[in-house]
Amino acid sequence: MTKPTRDIRNEGRAWGKGEALERFVLTPEKTELVRGRLLDHAKDRETLLGLLLENLGADRVVQLGDPEVWRAAVAKLPR
């Protein structure tokens, strides 16, 4: 099974029938705390975050934390 392309939108969304299983199999088998971080590998954390971002949507995610942190991160993106 190939890794699906992330489809992060402003509005969160449920996965459709044709995409739910291919995404679900990417979730970790178990949640673990290693040296103060969820999951042992950054790639696993990034994969899980991408899945959650698809479900929550960008509009909701940027409401978490300080808006200035989000603005600063976006300002660092290449044009």
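1. Glutamate 19 counts as buried, because its relative accessibility is 18% (buried means under 20% relative accessible area, exposed over 50%, and partly exposed in between, with a 1.4 Å probe and protein chains only). Arginine 23 is also buried, at 3% relative accessibility. The side chains of glutamate 19 and arginine 23 form a salt bridge, 3.4 Å from N to O (a salt bridge is a side-chain nitrogen of Lys or Arg within 4 Å of a carboxyl oxygen of Asp or Glu). Helices (H or I, at least four residues) and strands (E, at least two) are DSSP runs, numbered from the N terminus.

2. A note on the basis of these values. The model is predicted: local features need pLDDT of at least 70, side-chain atom pairs count only at pLDDT 80 or more, and totals for chains, interfaces and linings use all residues. Residues are numbered from 1 along each chain as its sequence is written, and side-chain values use heavy atoms, with hydrogens and water left out.

3. Arginine 13 is buried, with a relative accessible area of 13%. One of its salt bridges is with aspartate 7, where the closest N and O atoms are 3.5 Å apart. Aspartate 7 is partly exposed, at a relative accessible area of 25%. Arginine 13 also meets glutamate 54 in a salt bridge, at 3.9 Å from N to O. This second pair links distant parts of the chain: arginine 13 is in the segment before α1, glutamate 54 is in helix α2, and they are 41 residues apart. Glutamate 54 is buried, at 1% relative accessibility.

4. How many salt bridges are there by this rule? The count comes to eleven. Through shared partners, salt bridges join Asp7, Arg9, Arg13, Glu19, Glu22, Arg23 and Glu54 into one network. In general, side chains of opposite charge can pair when their charged atoms come close.

5. Helix α2 has 15 residues, which at 1.5 Å a residue should span 21 Å; its end C-alpha atoms are 21 Å apart, in agreement (the expected span is 1.5 Å times one less than the number of residues). The buried residues in α2 are Thr47, Gly50, Leu51, Leu53 and Glu54. They lie on the same side of α2, because they cover an arc of only 160 degrees around the axis (the arc is that of the directions from the helix axis to the C-beta atoms). These buried residues pack against α1 (17–24) and α3 (58–61), where contact means heavy atoms within 4.5 Å. After α2 comes glycine 57, with a positive phi near 90 degrees.

6. Two residues other than glycine deserve a look for their backbone angles. Most residues other than glycine have a negative phi. Arginine 35 has a positive phi, near 50 degrees, and sits in the loop between β1 (33–34) and β2 (37–38). Leucine 39 has a positive phi near 65 degrees, and its place is the loop between β2 and α2 (42–56). Is each of these residues buried or exposed? Arginine 35 counts as exposed, at 73% relative accessibility, whereas leucine 39 is buried, with a relative accessible area of 4%.

7. Leu21, Phe24 and Val25 make a nonpolar surface patch of about 320 Å². Patches are made of residues with over 30% relative accessible area and no salt bridge; like charges are joined within 9 Å, and nonpolar side chains (Val, Leu, Ile, Met, Phe, Trp, Tyr) within 5 Å. Accessible areas come from the Shrake-Rupley method with a 1.4 Å probe; for residues, only the protein chains shown count as cover. Phenylalanine 24 is found in helix α1 and is exposed, with a relative accessible area of 54%. Alanine 20 is also found in helix α1, and counts as partly exposed at 25% relative accessibility.

8. On the chain overall: there are four helices and two strands, in the order α-β-β-α-α-α along the sequence. Of its 79 residues, 16% count as buried. Among contacts with a separation of 6 or more, residues 24 or more positions apart account for 53%. The chain exposes about 6500 Å², of which carbon and sulfur atoms supply 57%.
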